[in-house]
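Subject: Handing over a structure

Hi there,

Please have it open while you read.

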Amino acid sequence: MSFNQDFDQHGAWRRQFALRLRLLSEWLTDHDLMEAGVRDRLEQLHAQVKNDKIMVAFVAEFSRGKSELINAVFFAGYGRRIMPASAGRTTMCPTELGYDAEVPPCLRLLPIETRLQPQSLLDWRNASDKWERVNLDVNDPTQLAKAIQKVAEVRRVSKAEAAALGFWDEEVPDDNPLVGSDGLIEVPKWRHALINMAHPLLKQGLVILDTPGLNAIGAEPELTVSLLPQAHAVVFILAADTGVTKSDLTIWRQHLSVLGERKASRLVVLNKIDTMWDALSSPEQVQLQIASQRTDAADILGIPPQQVLAVSAQKGLLAKVHGDDKLLAASNLMEFETSLGIDLLGQRRKILSAVVASGIQSLRQETGRLVHTRARDLVEQVQELEGLRGKNAGVIKQMRLRIEQEQADFDASGAKIQAVRSVHLRLLKDLFALLSSTQLKTEVSELARVLKQPGIKLGVKRAYGRTFERLRTDLAQAHKLASDIQSMLEGSFKGLNAEYGFSLQAPTPPQLDHYTRELDLIEKSHLQYLSLGNALRLAQPEFAERLARALMSRLRGVYDTAVNEVELWNKSAAAQLDAQLRERRRNFSRRIEAVSRIQQAAGGLDERIRELESQQAELQLVDAKLSELTDHLQAVPEEQPASAVPA
């Protein structure tokens, strides 16, 4: 099965899950179970599945056939090349292909000159007026390919301008591009490109990141410390005839090896095996040569041999366009697509399934507590009314007075419940302060100051280490504070349960230790830039500023995610308490109403008991249906094959 088919099935599962989630939401609303905490859980689940993106990053030195591989896997249906893949340098700037339904099909290009300004790439994404825009006709392959050809555009600039943009360094002559006869240097015209098009795979959440060669990667720290770490799979392309070259190894060691610690799928592709198809060698000899190259590449890169695949993207594309099954088999392209589908989608589906299962379990618990509270109240009302059989009007009147007194006592206890809220909010305020952008800027200020120093950045590695130690300390304090709040909630809820008969249960606390591991990975991904080999590049003020912005952008993303998790936890606890307070007040109203009806009509007691028993039976059906709906949702990712899910 091809990657495209695998991804179609993954998309079908996501659509089916979203439909079932919407049906559950409507059912909960119809049965008056849509409390604030339940709504938050539903919205979170819906957002996680709807917005789930799968990013595949293609990384290679120039002229390894990277864009051709993208064409062969994703765009062969157009019957021609869509991404520029001619000889020489093609993709000159990082290019993202994705789909946003709110944006018309277009190519957006960020001018390279923005590198001279202080904003990060993330900031520029929100400044749509600064990008050059080219509309795309996705139904016209010729227009589409011609428009996308712009990502290969270059400018010729002086050495001074090339240095300011990060493409020239007098201290590292071996890494510099060639100087033309006119004394000018060729640099990319664009810093970043975004392609928005309604390709079937992109519509289902696939994002393709096409990166330029080593020189361009190294000059854009935000690419390697923000975009590449977000990728769920990285495809590293080598040339089959040359194997792992020095520049290939530099890219792998500096930018890709650390990604393995993130459990991202990494596939290495030995491309252009057709250059080894030699009429003077037997097919067996050719296969032995290819196998030898695969083994050598795996040894040099330090990965298992099965992670190195040998393909011919060009022949694979040609075979797909002309329907040549024999050539397609010889190209090994389908073997690559199968590996990509198994490694990437298998891993992604497993992660998403775990997240979904956890969210549904929390949703079931929160909704189940509401059902349980209502069921318990009904039992108490039936028992209370059964006790009135054969009693005279005076006893019934006394019962009404007693219920009204209970209601008054409960209303007067609001100060005690408010005290619980007050302590909770005070501790929560301290927790949010530790995760605030202000605190983050404070902790990173020393490193930012060192990076802004002119010339060689002495002590930058030490400042970098101290910065991450402080960040880890902050997160450890936040984790401890969250644990203290959890203990306080458990104690307070236990007391309220005992005193008022509630069924409060402290929600699962945020797992902030997970973000400490994120910090460790971010720290490692930046260390390459602080090495002695990069000292001269780091001495350039523009590069140091770009590195600082990339670091801050990445850290802010981690902190924002942690804050969102804390907020959901807080809302879940508060909504649970609010829901049970509302149910208790409704219960008092129902009890008083029942006694009033009994006082007014002699047959009112039996009638009211029958009504309550009918409500008990209905509530049992509601509870059974709730279990059925949530079990069905939870079973979708693993028990139902994707191929059985209707589109």
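First, some housekeeping. This is a predicted model, in which local features need pLDDT of at least 70 and side-chain atom pairs count only at pLDDT 80 or more, while totals for chains, interfaces and linings use all residues. Residues are numbered from 1 along each chain as its sequence is written, and side-chain values use heavy atoms, with hydrogens and water left out.

Now the cavities. The structure holds five of 30 Å³ or more. A cavity here is a set of points, on a 1 Å grid over the protein atoms alone, where a 1.4 Å probe fits but cannot get out; lining residues have an atom within 4 Å of a point. Grid points are joined across faces, edges and corners, and a volume is the space filled by probe spheres set on the points. The largest cavity has about 90 Å³ of space. Its lining includes Glu35, Val38, Glu366, Arg369 and Gln576. At least two lining residues come from each of helix 2 (36-50), helix 14 (333-386) and helix 21 (541-600). Helices (H or I, at least four residues) and strands (E, at least two) are DSSP runs, numbered from the N terminus. By type, the lining has four nonpolar, four polar and three charged residues. Ala, Val, Leu, Ile, Met, Phe, Trp, Tyr, Cys and Pro count as nonpolar, Asp, Glu, Lys and Arg as charged, and the others, Gly among them, as polar.

Next, the salt bridges (a side-chain nitrogen of Lys or Arg within 4 Å of a carboxyl oxygen of Asp or Glu). The whole structure has 35 of them. One joins Glu366, which also lines the largest cavity, to Arg41, with the closest N and O atoms 3.2 Å apart. That pair links helix 14 to helix 2, across 325 residues of the chain.

Another bridge pairs Arg125 with Glu96, the closest N and O atoms being 2.2 Å apart. It connects helix 4 (residues 121-125) with strand 2 (residues 95-98), the two residues being 29 apart. Arg125 is partly exposed at 31%, whereas Glu96 is buried at 9%.

Finally, Asp32, Arg374, Glu583 and Arg586 are linked in a network of salt bridges.

Enjoy exploring!

Best wishes

Note on methods
1 Å grid on protein atoms, 1.4 Å probe; cavity = no way out; pocket = protein on both sides within 12 Å on 5 of 7 lines; lining within 4 Å. Buried < 20%, exposed > 50% of the residue type's maximum accessible area, 1.4 Å probe, protein only.
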